[in-house]
Structure formats: structure tokens, C-alpha cells
Amino acid sequence: MSGPGLEAYLAVGALLFGIGVAAVLSQRGAIMVMMGIEIMMNAAVLNLVAFWRFVAPDAFDGQLFVIVLVTVAAVELAAGLGLLLLIYRQRGTQNIDRLAEMKG
Amino acid sequence: MSASVLAEWALFLALSAVALGGSAMMLLTMSMYRAGLFLMVSFLGLAGMFFLLQADLLAVIQIMMNVGGMLVMILFMVMLMIDPGGEMMWDMKRQMKLPGPGAFSMSMPRGAPPVAEESAATAHAGHAGDAPAAPEGVWTCPMHSEVRSDEPGKCPKCGMDLVPAESLGTGGSQGE
């Protein structure tokens, strides 16, 4: 028997993703929704690193992919925070149910 | 089974417990500030798992980008928007859609939430657990929720007829 393999890491990633989905679906505060999205992104990153390690450890494509993904997550966080700050200053709320004008 | 394999399993289980427990506590806690801190703990556990996967560079990047990002998030959003020492927990309880996973949290505030100051005059007796309702008799524009009027009329921005604020369902007095 060897150390934790691919399946163990994928199981942790799946659980993390499930927690992120639960956070996004159950919260009304926009900040909490963004935190759930962050958890989901990190679950995806964990899967990528695990696949890189156990499937193709010689190629660095996986690591580069992860770096791109982390950058995208940071950009998303910055843009989302900027939008939220503006919305909060204009409306005084961060409740996503009150930001439904585009619902038609 | 050699000792190093055992140590690797123990490390893996401990780090995954930190990562999963941190994010689960982020979901269960009723305080946005604590949620941010738990999320940072979860990211640190994840960074440890990257070390275990021999992706050292990614682990360091994870710590710098995500943990630092969460720090900025806590500083900017939580401190700026929500009173950390005040009724924040009640605010989050009001904002839950269904009872939600947080309803089973040990730190869930019990009982009916205290009525916020601005809505103290308007909260219904039987709906104290709902989101603060719009004041009775307030008319608002269906397209411009910031327009508030004490009497029916036309919206000054678009000319539409004003409707009772409660009929829009944004006050939480209607069912979802």
C-alpha cells in the first residue's frame, strides 16, 4: 500500500466543491456567495494539481494551467469587490435578492 | 507499510480535515468576519496539500494570492460594510433564504432577531424573523427601487406608475 493516490485527492476536491455549491445556493449576502465561488475554484485547482502529479508529472502544462486559474480567480475577486463596493455605496445593501432589476 | 507512507497518509488526512473543516465552518458560522477567517484557514490547508503533491510553487502562489486576497476581502468588505461588533449575526440570519445550513450552527443566534433601528416602526409583530419590511404605505417605482414616495404617483425617473413597495416582494413580507 502506498501513500494517498489520485482518488483520495479527487474525493477531497469533490467535497470542497460541494461545500462551495451549498454556500452559493444558501446565502443571500453577495460576499458569502463570492466566498462560495472561491471555494469552488480552489476545489478545481486541487483536482488539476492532483491530475498533474499522478497522470503527467513530467509535463508542466498542469502547473501553468493552475497559475492561470489562480490569476483568473484573483481578477474575479477584484472585479467583484469593486462592483459590490459601488453597489453598496449606491443602494446601501449587498443582498442579492434586491439586485434583481434585470429579471424582467 | 513503511513509516513514510504512514506519515504521508496522516499528513494528507490532517490537511484535508483542515481544508474541509475550514470551508464547512465558513458555511456554518453566522458571522461574516469569522467566515472570512475560516476560509483563509481552508486555503492554508489546501496549500499544504499542494506541498504534499510536490507542487511547491503552486502552494506558495496559493498562499500569496488566495489568503492575501481573503485578507483584503475581509478588510474592505466586512469592515467597511457591516458593523463587526453589532448585529451582524442577526443580519445574516435575516438574509438566509431557507433556514439554511447555518440554522444548525452552534453560533446561530436564537430567538427572534432584534428589530433594526430604521425598520423598528415598520416591522410586523408576526414577521419579526423576516427581512426588515418596507414601511407601510410606501410607494416605489418597479424599475427604480431607490425611488420612495409616501403617496402613489409617477416615478420622477421614468414616469411609470408607482406601486406599493410591499407588492414587489423585496421587503421580504411575501413568500419566496
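The model is predicted, so local features need pLDDT of at least 70 and side-chain atom pairs count only at pLDDT 80 or more, while totals for chains, interfaces and linings use all residues. Residues are numbered from 1 along each chain as its sequence is written, chains are lettered from A in the order in which they are written, and side-chain values use heavy atoms, with hydrogens and water left out.

**Chain A**

Chain A has 3 helices and 0 strands, in the order α-α-α along the sequence. Helices (H or I, at least four residues) and strands (E, at least two) are DSSP runs, numbered from the N terminus. Of the 104 residues in chain A, 42% are buried; buried means under 20% relative accessible area, exposed over 50%, and partly exposed in between, with a 1.4 Å probe and protein chains only. Among contacts (heavy atoms within 4.5 Å) with a separation of 6 or more in chain A, 61% join residues 24 or more positions apart.

A:I87 lies in helix 3 (residues 61–91) of chain A. Beyond its neighbours within four places in sequence, A:I87 contacts A:G92, A:T93 and A:L99.

**Helix packing between chains**

Helix 2 (residues 30–55) of chain A packs against helix 2 of chain B at an angle of about 5°, with 11 Å between the axes. The two helices are therefore roughly parallel, a term for angles under 35 degrees. Axes are lines fitted to C-alpha atoms over the stretch in contact, and angles run from 0 to 180 degrees between N-to-C directions. The residues that meet include A:M35, A:I39 and A:L46 from chain A and B:L39, B:F43 and B:L46 from chain B.

**Nonpolar patch on chain B**

B:L44, B:F51, B:V60, B:I63, B:M64 and B:M65 form a nonpolar surface patch of about 520 Å². Helix 2 (32–52) and helix 3 (56–81) of chain B each give two or more residues to the patch, and helix 3 gives the most, with 4 residues. Patch residues have over 30% relative accessible area and no salt bridge, and nonpolar side chains (Val, Leu, Ile, Met, Phe, Trp, Tyr) are joined within 5 Å. A salt bridge is a side-chain nitrogen of Lys or Arg within 4 Å of a carboxyl oxygen of Asp or Glu.

| Residue | Relative accessible area | Class |
|---|---|---|
| A:I87 | 27% | partly exposed |
| B:M65 | 32% | partly exposed |

Definitions and conventions
Patch = residues over 30% accessible without salt bridge, like charges linked within 9 Å, V, L, I, M, F, W, Y side chains within 5 Å. Areas by Shrake-Rupley, 256 points an atom, 1.4 Å probe, with all protein chains shown as cover. Parallel < 35°, antiparallel > 145°, perpendicular 65-115°, else oblique.
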